[in-house]
Amino acid sequence: MTQHTNSPDHLAGYWKKVGEQSLTCMACKQCAHHFLPSLDACPQCLSFDVHLVDASGRARLLSWVTFHHAYRPELVSRVPYIVALVELEEGPRMITNLPMPSTGLVAGMELTVRFVPHGDELIPNFEPQIAELENGLNT
Amino acid sequence: MEQRSVIVGIGHTSYGAHPGRSTISLKVEAVQRALQDAGIAKDRIDGLFVKYPTSRFESLYAVKVAEALGLEQLHICGGWDQGGAANISQIALADQAIRSGQCEVAVVCFADNPKSGSNWAYSRARNEADEKYGWLGTAAYFALFAQRHMALHGTTAEDLGRIAVQIRAHGAQNPNAQLRKALTLDDYLSRPFMVEPLRRDDMALISDGGAAIVITSQKVAEQMGGTLPVAVLGYGQAINATTREDLTTTGAQASAQRAFSMAGLTPRDVQLAQLYDCFTPTVLVTLEDYGFCKKGQAGHFIREEGIGIGGRLPLNTSGGLLSETGMPGMQLIIEAVRQLRGTANLQVKSASNAVVSGWGGAMQTHSTLILGT
């Protein structure tokens, strides 16, 4: 039976695992739906019986943009940078960064997670698999 | 079809900067002008629908506006939280309230002052994680959509540019427009990217200003005998998640289907459109999802059929959000009314119907309005 406990802090758990260079996503034990961002109930079947599971770290590129404008003074040194929407192999989608340049990026290409420093923490970024990038450059 | 509600009054402040003016002060001015246009006394208002300002959410905001307008006997009053889709949705709510006898004369209004005040709402991060990735501002969502459209359908920078060029050409001829500067496609292409693939000219203005409309029943309009009433023929709305299954297909489709079905019209019948152009890619997707052309064909439609005054579908004939004012949507409704009255600055010949669209958030909310005479 589903226990309606106090909301476990899945979000904190997600970032703790990122700090250990591990990518996770939410999974529902009742209906097996996988989702992000972290919520304490499954948006498909509304069960609270949800938990973090390890993700493979493989994803597909849905779309991307390149920020040339720095929306914050601290971003002046970071522009231009790429922000992408990717779909994890498990299904959930997430916003992330890809390394510059954007040349050779193709919708649907396969990506792999890598963990990069952001201040004194890590954040998950993705990069094209080498073969994919070469294919992209050839098309 | 039963009795339709009609728009009998339109009013707005000047567009641009209004330093020191509160959003409520701007609204009072707009409502005063709309009442004057309708030739109707303030005391007749018994319904008030207020979209809260984008730059600052405030609870019970509609009640504060009612107090500033000295309206103490309202039968229905409130605000609908849908971002830029809310103005149209509130006209739909007003129509339902009028037709069900909840009120007789309603005002729908909006005002904001992000140009003189805070434009924080347009550059913020949605949450802590987005901040880490540098995923900031509203434009990026539309750039992400545009990039996907380009990847899937071969849409080009020129396709986006032609939208900006045409709408800016309309705005350049509008004496009330905030930005009266025409743009060539070469100018457009020579500008740097802000959030690639979008440039500054793809993006709405930041504007202060207020606008209002007065809506009532046909019966009351006939009694008043004022300017040509413009009928609410149909409407629809829809919400969808930011990460739609197919990023390039949106809630606009379902919203428009309901509106067309209610109006008994098809896209082929539509004579002009005022499409929510907060960013140029929204015009592309609206043309496609409304059924003016097939998915992926909007660039072609714009090039071959034309969106200027003599084109197949004249749109944003007063300059839209890109040129008249960045205000989220009321200017589009007002321009549609002017076109149907025959009093527009760039008049479309013998127009008898118009479609207006509204988008909110990162394209999560959509609303469609069909007006006619």
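Which residues in H1(B) meet which residues in H2(B)? In this predicted model, local features need pLDDT of at least 70, side-chain atom pairs count only at pLDDT 80 or more, and totals for chains, interfaces and linings use all residues. Residues are numbered from 1 along each chain as its sequence is written, chains are lettered from A and ligands numbered from 1 in the order in which they are written, and side-chain values use heavy atoms, with hydrogens and water left out.

B:Thr23, B:Ile24, B:Lys27 and B:Val28 of H1(B) meet B:Tyr61, B:Lys64, B:Val65 and B:Ala68 of H2(B), contact being defined as heavy atoms within 4.5 Å. Helices (H or I, at least four residues) and strands (E, at least two) are DSSP runs, numbered from the N terminus. Helix H1 (residues 23-38) and helix H2 (residues 61-68) of chain B pack at an angle of about 55 degrees, their axes lying 10 Å apart. H1(B) is therefore oblique to H2(B); angles under 35 degrees count as roughly parallel, over 145 as roughly antiparallel, 65 to 115 as roughly perpendicular and the rest as oblique. Axes are lines fitted to C-alpha atoms, for helices over the stretch in contact, and angles run from 0 to 180 degrees between N-to-C directions.

A further helix pair is formed by H5(B) and helix H10 (residues 280-289) of chain B, which pack at about 55 degrees with axes 9 Å apart. Here B:Phe142, B:Phe145, B:Ala146 and B:His149 of H5(B) meet B:Pro281, B:Thr282, B:Leu284, B:Val285 and B:Glu288 of H10(B).

The largest nonpolar core has 154 residues, and those with the most contacts inside it are A:Leu88, A:Phe126, B:Ile7, B:Trp135, B:Ile213 and B:Leu287. Such a core is a set of buried Ala, Val, Leu, Ile, Met, Phe, Trp, Tyr and Cys residues joined through side-chain atoms within 4.5 Å, where buried means under 20% relative accessible area (1.4 Å probe, protein chains only). Helix H5 (residues 139-153) of chain B supplies the largest share of this core, 9 residues. A second, separate core of 5 residues includes A:Met26, A:Phe35, A:Cys42 and A:Val50.

In chain A, 3 strands form an open antiparallel sheet in the order E2-E1-E3, two strands being paired if DSSP finds at least two bridges between them. Strands E2 (34-35) and E3 (50-54) of chain A stand at the edges, each with a single partner strand, so one side of each is left without a neighbour in the sheet. Strand E1 (residues 24-28) of chain A is joined to E2(A) by 2 bridges, and A:Ala27 has A:His34 in E2(A) as its bridge partner.

Methods. Buried < 20%, exposed > 50% of the residue type's maximum accessible area, 1.4 Å probe, protein only.
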